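Here are a few notes from going through the model. Have it open as you read, and tell me what you think.

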Amino acid sequence: MFTNRLFNILVPLISVFLGLLAGAIIMLAFGYNPINGYQALWNGAFGSGYFFGETIRQVTPYILTGLAVAFAFRSGLFNIGAEGQVIVGWVAAVWVGSSFEAPMIIHLPLAVLAAAFAGALWGFLPGLLKATKGVHEVIITIMLNYIALHVSNYMIRHVLSDGGDSSDPIANSASLASDWLMQITEYSRMHYGILIALFAAFIMWFILEKTTAGYEFRAVGFNPDASKYAGMNVKKNIITSMIISGAFAGLAGAMEGLGTFGYMPSHSAFTNLGFDGIAVALLGGNTGLGIVISAFLFGALKVGALNMPTTAGVPSELVEIVIALIIFFVASSYIIRWALLRLRKEEK
Amino acid sequence: MKKNHLFLVFSMLFAAVLLLAACGTSDENANEQEDAGASDEGTTEGTNDFSVAMVTDVGGVDDKSFNQSSWEGLKAFGAENGLEKGAGYDYAQSEQDADFMPNLNRLVKQDYNLIFGVGYKLADALGKVAKQNPDTNFAIIDSAVEGDNVASLTFAEHQGSFLVGVAAAMKSETGKIGFIGGEESDLIKKFEAGYRAGAKSVNPDIEVEVDYAESFAAPDKGKAIAANMYNSDVDVIYHSSGATGNGVFAQAKDIKNGDPDANVWVIGVDRDQYDEGAIGDMNVTLTSMLKRVDVAVQTVAQQALDGEFPGGETLTFGLKQDGVGVAKTNEEAYTEEIGAAVEEWKQKILDGEVTVPKTIDELETYLDEL
């Protein structure tokens, strides 16, 4: 009865529902009204033009980091390094954006491409090591995250500014921010990056589903040995896949640097954009469209949750637990899948 | 049979959607009611409908440092004026830098009269939001933001540091004391300059070792630097390095653990760090340079309530305003003799006899004149 497609849609929906339900139970257990809590969440994400704009602002990098993780995942690689790739992308975008002025038609694409290139480089290293030496990409990418974090802080203090703790602001000609978008969303920081993110989702779908290269990526993801036997160059595929994955994550950094902030503050901890991207990719079933939808959900949760402490009195720690529960159920979708399959078997 | 199960699943989802949709539509009414309730409470409390809120930086209100201190100030203000949390005063916590703007805007939309931004990291966001909302008053801590509706609250950290420098110089037996800073910036240099000036004023021959950990969140580095200093005969270290300073305390306590007679001391910063230095019956915290963010927050909130909000001004909280001070919690270590000397220098600063240097350049001129 269940077609595969229906199945793929049902599982994440049920996960989200269970997560919200479990969150409600937790809120009840601690003596808070879950209806008020979720109402505040909803209002905080969609309650006014401003909050809607802020939600879109948060969704934009989530789509790109989700795509980054998913793309690597489809070729059998686990890119934990999206976080570091975001950071180097951010640095590169701000560097290009702030160090000179040029007409927007040159400057903006250049800054965006610089971010993609930096992210790609940060993805290329683990890809190369994995392909040639068999070093596990998870370990390399985790370490590269730390390298990116601390190198970026050094760059901000000594190259991108005069010993300050945030970089110089980017020139207007490299900015993705738009007065028009700000006006219709009551001065939120929504920017044109969302178009880039949506286009990137389309690109991912196109590469994976409509090109020979994409077919090879997926084949390597399913079974590297069989792919090799079939005459595909597995090593090349691993490296290329990590490069594309890194480029997506680098673009997410550009969204922050050129769109949301317009500069780069020094970070004492990770941005979590890359790590959340893992959850986004999981929930979105590693497909372009699915990721856009799940990024939307995560963005709304993230922005809306900020509203829960001040309007519904739910402490922000509890909000984090609720969000973690939703992610937990998403990640454990295997259980839901199993339950649904049981259901299906009994019917037969 | 098959259809029944499918139907069940769909009806569950449908119910979920309905539930969410119901939340979505009824919210406006509920919100209005809440708002009405809030202002009602305000009026029945006998004051007026004045309300004040703050946005933390990523440290959060339980950071044992200036976020917590600010929140304590707001709570004290609330208690004094019969306000309650959620109705009259509240805080919004930022989980990441990107949250500053939405948090500030949310509080503006909730019609708070005065909104504090805690920490210089919020300066950029607060400046923009203040410009877009000229009818709301804002205050920024540790930074200066332009605008008629913004009050900038800064502190004379150099004055407090001068006094703990006096205490350090008097406590030291080896004639060598240390300073550990977080990130090398104008703000932390202010601490360093004051401290060195204070120490040299009491004992011109004293040696001051200075090192920077280049991070406010690296206790391991703090510990390593402190170990180095204590090994080279330094016996009092003043840290101005946030969580990095926890490593300084850890090192001093380690030494004290191995040799209870060891003469090692730490001077805390921002809040009274007496509790950090406790080890059994002993305590390695000589004193702390108090930065009374709570006093500043409470003062400005009160001024706003009285209709005298200092918009457009940069307020400096120094010794005179009780904005900085010296902790006297460790009575055993912080002897009367030291206390008397500190009071004496404090009086000199208050009388204008001594002008404490704020920068390293000023420090050099100051030392030349000694």
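**Notes on chains A and B**

1. Tyr187(A) sits in the loop that links helix 7 (179-184) and helix 8 of chain A; helices here are DSSP runs of H or I with at least four residues, strands are E runs of at least two, and both are numbered from the N terminus. Tyr187(A) is not a glycine, yet its phi is positive, about 65 degrees. Most residues other than glycine have a negative phi. Tyr187(A) counts as partly exposed because it has 18 C-beta neighbours inside 10 Å (20 or more would be buried, 12 or fewer exposed, in between partly exposed, with C-beta atoms placed from the backbone).

2. Before going on, a word on what this is: a predicted model, where local features need pLDDT of at least 70, side-chain atom pairs count only at pLDDT 80 or more, and totals for chains, interfaces and linings use all residues. Residues are numbered from 1 along each chain as its sequence is written, while chains are lettered from A and ligands numbered from 1 in the order written.

3. Asn272(A) is another non-glycine with a positive phi, about 70 degrees. Look for Asn272(A) in the loop between helix 11 (234-261) and helix 12 (273-283) of chain A. With 14 other C-beta atoms within 10 Å, Asn272(A) is partly exposed.

4. Now the helix pair. In chain A, the axes of helix 3 (residues 49-74) and helix 8 (residues 193-210) come within 8 Å and cross at roughly 20 degrees (axes are lines fitted to C-alpha atoms over the stretch in contact, with angles from 0 to 180 degrees between N-to-C directions). Helix 3 and helix 8 of chain A are therefore roughly parallel, the term for angles under 35 degrees. On the helix 3 side of chain A, the residues that meet helix 8 include Ile56(A), Leu64(A) and Phe71(A); among their counterparts in helix 8 are Ala197(A), Ala200(A) and Met204(A). Contact means C-beta atoms within 7 Å. By class, this contact of helix 3 with helix 8 of chain A has 11 nonpolar, 2 polar and 1 charged residues.

5. Over to chain B, which has 11 helices and 15 strands. Of its 370 residues, 51% are buried.

6. Chain B splits into domain 1 (48-155 + 292-323) and domain 2 (157-290 + 335-369), with bounds from an automatic or database domain assignment. The centres of domain 1 and domain 2 of chain B, over C-alpha atoms, are 29 Å apart. Across the boundary, 9 residues of domain 1 of chain B contact 9 residues of domain 2 of chain B.

Conventions
Angles under 35 degrees count as roughly parallel, over 145 as roughly antiparallel, 65 to 115 as roughly perpendicular and the rest as oblique. Two residues are in contact if their C-beta atoms, placed from the backbone, lie within 7 Å. Ala, Val, Leu, Ile, Met, Phe, Trp, Tyr, Cys and Pro count as nonpolar, Asp, Glu, Lys and Arg as charged, and the others, Gly among them, as polar.
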